[in-house]
Amino acid sequence: MSRVVSRGRRSPALRARRAAPRAAAPDEAAREAFMRAAVREATKGLGRTSPNPAVGAVLVKGGRVVARGHHARAGGPHAEVVALRAAGARARGADLYTTLEPCDHFGRTPPCSVAVLEAGVRRVFVGSADPNPLVNGRGVARLREGGVEVVTGVLRETCDELNAHWFTFITERRPHVTLKAAVTLDGRIATRTGDARWVTGEPARRWVHRLRDRVDAVLVGSGTARADDPRLTTRLPGGRGRDPIRVVLDTDLSLPRDLNLFRQRSAAPTLVAHASARARDLGPRIELLRCRRGPGGVDLRDLLARLAARGVTHLLVEGGARVHARFLQEGLVDRVAIFVAPKIAGGDGIPLVAGRGPARMADALSLADVRVERVGDDVLVTGTPARRGPRGLLAKNPRRG
């Protein structure tokens, strides 16, 4: 049951805060430097806090960081509280930098806004506003009412990008979807025989494993499961990293039991998303997830809603060509990450996206916020699909909204 926290009481901490001499405000360069430190803290929680956001915080006094903290897991203390506990008495009169607006409600933990006030923090610098209706400005309002100076929007774009997956989860009630693929120079994800090992080099594959470590779930279609027989685990040096939930689309439950997906020794489960009326035993660690049937197989929107109900905030889609096409057609891809390798597979290789394309180049799906970087011998292109159409294979389906 939620609790109501009273506002406006003149606490000893508030009286002391108002009576204390005002310290000089840090300049923009200092603010951004300290917020970057908070962002680095927040990244430690990526893939580990769902269904909560990844948040980092640092406490600064006398121009030096005196404590750091990040949200490590759902149900555990939030980043601000971790930093306040680490600082102890040094928190009084300090500046707090937090990548996300402090919460102002009782959930699994008490409100961070109250903890900040009680600790005697003088100023709070916030990166992202919190779109959660339970917060959404209330945390900032409580701090200001308590006499704390609050500066919002510090390094906002960086902080927003950090939790883009969680913002999608909160506002659209579905996981944020990243489509990752590797293609040759002529746009092929595999040769004419279906061989895709390996399109890219080792540095790119290490990059993918680091990404898996930071997402909640990774998905492939049944064709990729058969052709590549992937494990979809996270393999980082020294055995570090965590495995995401593995999801395979198998509309009619026709995949063989001896696939690597069904034989993993992993703490993360394997989910088989299907639309079959029959049941099937695929092993002790395999969960069947029955979804509605759509025109192309498993209804993707129904699947995403079911994954969101499990607390999945970030889904990584890894193939194949038909799966790519379906997610793009439905307008369900929030970001793409495409590796381009310096290889040529030929015209009869398997394309990145299956099916017919648009008749005009003007109707082709375009990307915004495009970034290009070199990873070993390969080139990584990331971007956000533009929601445009209604024409063309890759346009958002107007009937589905």
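**Figure 1. Histidine 78 and its contacts.** Looking past the residues up to four places away in sequence, His78 touches Asn52, His71, Cys103, Thr109 and Cys112. This is a predicted model, as are all the views that follow. Histidine 78 sits in the loop that runs between β2 (64-70) and α3 (79-87).

**Figure 2. The whole chain, for orientation.** Before we go on, here is the setting for the other views. The protein chain holds 11 helices and 18 strands. Of its 401 residues, 51% count as buried. Among contacts with a separation of 6 or more, 72% are between residues 24 or more positions apart. The accessible surface of the protein chain comes to about 19200 Å², and carbon and sulfur atoms own 50% of that surface.

**Figure 3. The largest nonpolar core.** In soluble globular proteins, nonpolar side chains tend to be buried together. Here, the largest nonpolar core has 31 residues, and the members that touch the most others are Leu219, Val247, Leu249, Leu303, Leu307, Leu315 and Phe327. Two or more residues of this core come from each of β6 (176-183), β8 (217-221), β9 (245-249), β10 (270-274), α10 (300-309), β14 (314-317), α11 (321-329) and β15 (335-340). Another core, of 28 residues, lies apart from this one, and its members include Trp207, Val215, Leu316 and Leu380.

**Figure 4. Valine 247 up close.** Which residues is valine 247 in contact with, leaving aside its neighbours within four places in sequence? They are Ala217, Val218, Leu219, Val220, Leu271, Ala273 and Leu307. Val247 is itself one of the residues that touch the most other members of the largest nonpolar core, and so are two of these partners, Leu219 and Leu307.

**Figure 5. Two cis peptide bonds.** The first stop is the peptide bond from arginine 197 to tryptophan 198, which is cis with omega near -10°. Tryptophan 198 belongs to the loop between β7 (188-190) and α8 (202-214). The peptide bond from glycine 319 to glycine 320 is cis as well, with omega near 5°. Glycine 320 is placed in the loop between β14 and α11.

Figure 6. Leucine 232 is not a glycine, yet its phi is positive, at about 55°. It lies in the loop between α9 (222-228) and β9. Is leucine 232 buried or exposed? Its relative accessible area is 2%, under the 20% cut-off, so leucine 232 counts as buried. Aspartate 369, also a residue other than glycine, has a positive phi near 50°. This aspartate is found in strand β17 (residues 367-375). With a relative accessible area of 42%, aspartate 369 falls between the 20% and 50% cut-offs and is therefore partly exposed.

Figure 7. Leu367, Val370, Val372 and Val379 make a nonpolar surface patch of about 300 Å². Which strand gives the most to the nonpolar patch? It is β17, with 3 residues. Leucine 367 is found in that strand, β17. Its relative accessible area is 34%, which makes leucine 367 partly exposed. Aspartate 369, from the previous view, is found in strand β17 too.

Definitions and conventions. Residues are numbered from 1 along each chain as its sequence is written. This is a predicted model: local features need pLDDT of at least 70, side-chain atom pairs count only at pLDDT 80 or more; totals for chains, interfaces and linings use all residues. Side-chain values use heavy atoms; hydrogens and water are left out. A nonpolar core is a set of buried Ala, Val, Leu, Ile, Met, Phe, Trp, Tyr and Cys residues joined through side-chain atoms within 4.5 Å. Buried means under 20% relative accessible area, exposed over 50%, partly exposed in between (1.4 Å probe, protein chains only). Helices (H or I, at least four residues) and strands (E, at least two) are DSSP runs, numbered from the N terminus. Contact means heavy atoms within 4.5 Å. Accessible areas come from the Shrake-Rupley method with a 1.4 Å probe; for residues, only the protein chains shown count as cover. Patches are made of residues with over 30% relative accessible area and no salt bridge: like charges are joined within 9 Å, nonpolar side chains (Val, Leu, Ile, Met, Phe, Trp, Tyr) within 5 Å. A salt bridge is a side-chain nitrogen of Lys or Arg within 4 Å of a carboxyl oxygen of Asp or Glu.
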